[in-house]
Amino acid sequence: MKSTYLFVLAVIAALTASCGPRYSVVTGDFGDKSAPDSVSIFIPNLGQTERVPVENGVFVAKIPYSLINSAFVEDVYVIPDGKDLTIDFSGSEPILNPGESEINIRAVEFLKASDKLLKERAEFMSQYMQSINAKEVVSADFVTKYVKIEEDIRSLCNETMSKNWDNDLSLQALSTISRYISDEEIEAKIDSLSIELQSSPSVLKIKGDIEIRNRTAEGRMFTDFTAMDEDGKVTSKFSDYIGNGNYVLVDFWASWYEPCLENLERVDKIYKEYKDKNFVVLGIPVWDRVSEASKVVAAKKLKWNMIYQSDVDIAELYCIPHVPTLILFGPDGTILHRDLSLKKLREALEEYFRAE
């Protein structure tokens with residue numbers, strides 16, 4: 001028999017409208033496929049996860065109505081707008097049938113279109129890197145196609161946001177487009193959303209990220225933190241290395257990512273070239289294990305300082321979106337350059353030391 005499970009969250013219930021449907025009924029069917037004992041329902045805005053029991057390959061969940069709080073039934077994205085939804089888990093990939101839910105119809109269309117464009121972009125980036133590594137000339141036609149993909153992504157996201165200004169789907173579009181637009185544009189798009197969405201945890205997180213980026217943007221002074229060993233003992237402060245009269249390159253890296261390991265060797269070469277001037281390098285492994293990172297440092301015989309752990313999330317503090325990331329600090333601790341390429345780093349150092 002089917003199992004019916006009332007997915008109760010007091011926080012969502014408080015947001016439930018006084019009139020209209022109080023929940024969306026989501027029915028999942030695994031067909032003849034081996035089914036788990038339960039499935040998870042996760043609401044990102046609230047950080048809430050619940051398990052829904054599965055009986056005879058079927059589950060039925062009631063998710064409280066809330067246009068600003070999307071839910072993931074396993075990996076399937078839904079917006080509980082009060083309409084019934086079904087999910088077919090019998091195939092290799094789950095398929096959402098949005099039924100008469102216009103919002104979820106738009107969500108399915110957006111996710112399908114954005115996934116296609118992002119995969120195309122990833123393929124072009126892979127081809128581009130292969131051409132660069134092979135020292136081949138990138139054709140104008142290649143560049144034109146790539147620009148068209150990014151234009152299509154922006155167009156898709158802009159249209160989705162304009163049609164979904166009052167529900168969570170606009171935030172999915174904003175998350176996708178944010179990598180292609182400035183913080184000022186992101187803030188303008190947030191202003192176009194409903195008051196409820198602007199106050200949602202997801203948007204507050206985006207605003208917080210912008211504030212962090214502003215604090216650690218080029219031209220701003222460094223933000224200090226405390227370095228610690230594995231036992232939690234204070235070993236140093238960031239200010240022990242920054243703002244003491246040297247140009248300081250900070251390399252954010254990870255031992256598990258091959259491009260970081262290659263970058264370490266190139267950074268070390270630059271360090272050896274300029275170490276007799278007022279130039280130092282500081283490495284900060286992020287999203288990493290101290291044991292693994294320290295093995296890399298020993299194997300590569302790196303002589304510059306490393307900060308392995310601290311009292312804060314350093315990647316979050318300095319808004320590091322990926323590794324490797326290079327940030328160059330000036331003698332007084334000002335952030336001179338972010339997201340430097342090694343070529344730009346050399347050019348900057350040559351300019352600074354020539355001026356001296």
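## The largest nonpolar core

Among the 48 residues of the largest nonpolar core, the ones that touch the most other members are Phe-238, Phe-279, Ile-284, Tyr-318 and Leu-328. A nonpolar core is a set of buried Ala, Val, Leu, Ile, Met, Phe, Trp, Tyr and Cys residues joined through side-chain atoms within 4.5 Å. Buried means under 20% relative accessible area, exposed means over 50%, and partly exposed lies in between (1.4 Å probe, protein chains only). At least two residues of this core come from each of strand E12 (247-253), helix H8 (258-274), strand E13 (279-285), helix H9 (290-300), helix H10 (314-317), strand E15 (325-329) and helix H11 (342-355). Helices (H or I, at least four residues) and strands (E, at least two) are DSSP runs, numbered from the N terminus. H8 gives the largest share of this core, 7 residues.

Contact means heavy atoms within 4.5 Å. Leaving aside neighbours within four places in sequence, Phe-238 is in contact with Phe-222, Thr-223, Asp-224, Phe-225, Val-250, Leu-282, Ile-284, Ile-307, Tyr-318 and Phe-329. Another core, of 30 residues, lies apart from the largest one and includes Tyr-146, Met-161, Leu-169 and Leu-193.

## The model

This is a predicted model, in which local features need pLDDT of at least 70 and side-chain atom pairs count only at pLDDT 80 or more, while totals for chains, interfaces and linings use all residues. Residues are numbered from 1 along each chain as its sequence is written, and side-chain values use heavy atoms, with hydrogens and water left out.

Lys-272 is found in helix H8. Lys-272 is exposed, with a relative accessible area of 51%. Between the C-alpha atoms of Lys-272 and Lys-303 there are 9.5 Å in space, and the two residues are 31 residues apart in sequence.

Ser-139 sits in the loop between helix H2 (102-133) and helix H3 (140-163). Ser-139 is partly exposed, at a relative accessible area of 38%. Pro-64 is 75 residues from Ser-139 along the chain, and their C-alpha atoms are separated by 52 Å.

## The chain as a whole

The chain has 11 helices and 16 strands. Its C-alpha trace spans about 75 × 55 × 40 Å along its principal axes. Of the 356 residues in the chain, 43% are buried. Of the contacts in the chain with a separation of 6 or more, 63% are between residues 24 or more positions apart.
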